[in-house]
Amino acid sequence: MNTVSIQNNSSAIAEVFENVINHFPSTNELKSARSKAFQIFNEMGFPLKTNEEYKYSSTEKFSKNEFSWKDDQSIILNIDFESYRNSNKEVDHIFLVNGKLIIEESSIAENNNQVTICDLKTATLRFPDLISTYYAKNTKEFNDAFAQLNAAIATNGLFIHVAPNQIISKPIQVNHINSSNKSNAIHIHHVIIAEKLSQLSIIENFYSASNSDNYMVNFVAEVYVKESAFVNYYRLQNENSNAIHINATLVTQAAHSHFDTNTITIGGKWLRNNLNIALNGIQCETHLNGLQIIKGNQHVDNHTLVDHQMPHCESNQLYKGILKDKSTGVFNGKIFVRKDAQKTNAYQSSKNMLLSDDATMNTKPQLEIYADDVKCSHGSSTGQIDENALFYLKARGLSPASAKKLLMIAFANDVIQTTKIASFKSNLIDIIEKCLE
Amino acid sequence: MLSIKNLRAAIDDKEILKGFNLEVKPGEIHAIMGPNGSGKSTLASVLAGKEDYTVTEGEVIFNGKDLLELSPEDRAREGLFLAFQYPVEIPGVSNINFLKTALGEIRQYKGLPPLEAKDFLKLVKDKQAMVELQGSLANRSVNEGFSGGEKKRNEIFQMAMLEPTLAILDETDSGLDIDALRIVANGVNQLKRNDRAFVVITHYQRLLDYIIPDFVHVMYNGQIVKTGNKDLALELEEKGYDWIKKELEPSI
């Protein structure tokens, strides 16, 4: 293990860690989980160039100590919450500024025994058993420096708990508004639990407070989908062109459960999305889709891992990218089918459209199959816009610009249509049409 | 309306059109026949502005404008329409949405206001009926999953929507059964007007029983080598093209 890369940072980060351990509400289990995570982080250090998992996504900036690791207490509150609320009136809005829950702006029903939504601190005080059990349960299985650091020092984020048999029909929209002018590292950690036979839909949107904000988000969401529960979890990443965004979405599914997720990336400077789904009950179904439309010098890296541990499960993934200018993209999709996971159906497809000679896409499917009665497939294609289709449209009188736009929207539409929340879908269509102007 | 003089065009340095001449006046229907590889489809592609071809010589004047100077979209906006031999499937782009955009841009080019939504929908309904195209097809992605006959009818539907002054039909009849052929021909006949002309490229005389041409041209080796009336098509159907090739031989 190499610790050299964090030497510059180590004392600043250690100070933050000590502060969390000593002052943040805790339980013995939580303390030990944080300490363990911090120990692993220290052993690993930030990933070096030689790390295969970060081959196409350089993390040098982290070892160069470009960030301020202390929590930024000065929350900028000249935010027009109403405009965010107006963008979708069919959901309950929750606002987080740098991960801190803004209760007075959020729609959280009190005395609601269907769903509990609170911040991590409140959850630790009110539900110490659940936090002791679930905080860092999934991160423990994920050998990644950023996720470990997050588990060690994150104090902000949401706890969402849906009681058994409860159907939450109105989607919850979590709006993250991130803000810092001091290159702050913002750590956010969600624990989401959908109990047996419950249903929950979450839309999670990431924004920057302004175009000049400059920060790094290191975000972890642990999602526990219990037996026969249904969870939809859709995400729009639309931060400013300075934003660095790393996230690990770590999902565990129990028997007969459904999980449906969509990661739409249009904003941000440098993004790494880790999405790990462990199917550890029989007959789970999971759909993981993604769309990135990027330009300039944007870099977006999607790493997915679907771990089929039990029989009769199905996973589907479709990731699409439209890359302009000098943007770069990565899709790395791992599928494990373990020995016991017979009758697995696992499909994966990555399709990308490069609109410039300088744009780059790296795709790497990785299938490891140890069961013998399974259906698995993967496919990957990267190409340019279809010239025959373009000519056909021009021959009908369409300008090259509107012909291209039509073709790009059609390309993106496959992913957008997988979204099950109508209001979010129509928002996405508007946003993407604007983005492809 | 259309005047093509000594047109020479090549693809990948291979000359396909070798001094092609044609005069089309408003209201006329011209049929172009000829053996495979004589350059019929190349002619259609060059006129529509496909970038793969290089025009090396000659001129094409369309409604007083130098056609070869225009972009493909401006040719369409000036009133040229090509019914493709192989209509392209465009997954995810709805027929209606794309025609709305096309019509909007053509009208804008001509300085006309955009059509009201209800007028556009009425137009769609009327024109669909004309080519007996099911409403569900118009709402589907462009040509995706269409049968051969549906694709060709969709071309005629688009033609009816865009109301060109000159329509070039590139083997629109190929692969059609007799019912589909009648529907397509019927669509063309309904669109016939004194100020509109058609150039019909075909392999088969049969189409010309339904679309009566004013002129039949035989194309061979990149040129028109014989011109006649509809009886010439019947003669070609009966005797094939060899006799024309033989006629040409002494001059070679």
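Among contacts in chain B between residues at least 6 apart in sequence, what percentage join residues at least 24 apart?

1. On the opening question: the share is 72% for chain B, counted among contacts between residues at least 6 apart in sequence. The model is predicted, and the points below should be read with that in mind.

2. Overall make-up of chain B. Ten helices and twelve strands are found in chain B. Of its 252 residues, 42% count as buried.

3. Dimensions of chain B. The C-alpha trace of chain B spans about 60 × 40 × 35 Å along its principal axes. A compact globule of 252 residues would have a radius of gyration near 18 Å, and the value for chain B, 18 Å, agrees with this.

4. Helix α1 of chain B. This helix covers residues 40-48, and eight of its nine residues are buried, so α1 is largely enclosed by the rest of the structure. The cut-off behind that reasoning is 20 or more other C-beta atoms within 10 Å of a residue's own. The buried residues are B:Lys40, B:Thr42, B:Leu43, B:Ala44, B:Ser45, B:Val46, B:Leu47 and B:Ala48.

5. B:Gly49 follows α1(B) and has a positive phi, near 100 degrees.

6. Contact between the chains. On the chain B side, 20 residues are in contact with 18 residues of chain A. The elements of chain B that give two or more residues to this side are α2 (72-77), β7 (90-94), α3 (95-109) and α6 (148-162). Of the side of chain B that touches chain A, α3(B) supplies the largest share, with five residues. Sorted by class, this side of chain B has 13 nonpolar, three polar and four charged residues.

7. Strand β9 of chain A. Turning to chain A, β9 runs over residues 230-238 and is mostly covered, with seven of its nine residues buried. What strands does β9(A) pair with? One partner is β7(A), residues 199-208, which pairs with β9(A) in the parallel sense over nine bridges. Another is β11(A), residues 258-265, which runs parallel to β9(A) and is joined to it by eight bridges.

8. Individual bridge partners in chain A. A:Leu236 in β9(A) is the bridge partner of A:Asn205. A:Tyr233 stands opposite A:Thr261, which lies in β11(A).

Technical notes:
Residues numbered from 1 in each chain as written. Chains lettered and ligands numbered in written order. Predicted model: local features only at pLDDT ≥ 70, side-chain atom pairs only at ≥ 80, totals over all residues. Buried ≥ 20, exposed ≤ 12 C-beta atoms within 10 Å, placed from the backbone. Helix = DSSP H or I, 4+ residues; strand = E, 2+ residues; numbered from the N terminus. Contact = placed C-beta atoms within 7 Å. Nonpolar A, V, L, I, M, F, W, Y, C, P; charged D, E, K, R; others polar. Pairing = 2+ DSSP bridges. Rg over C-alpha atoms; globule rule 2.2 N^0.38 Å.
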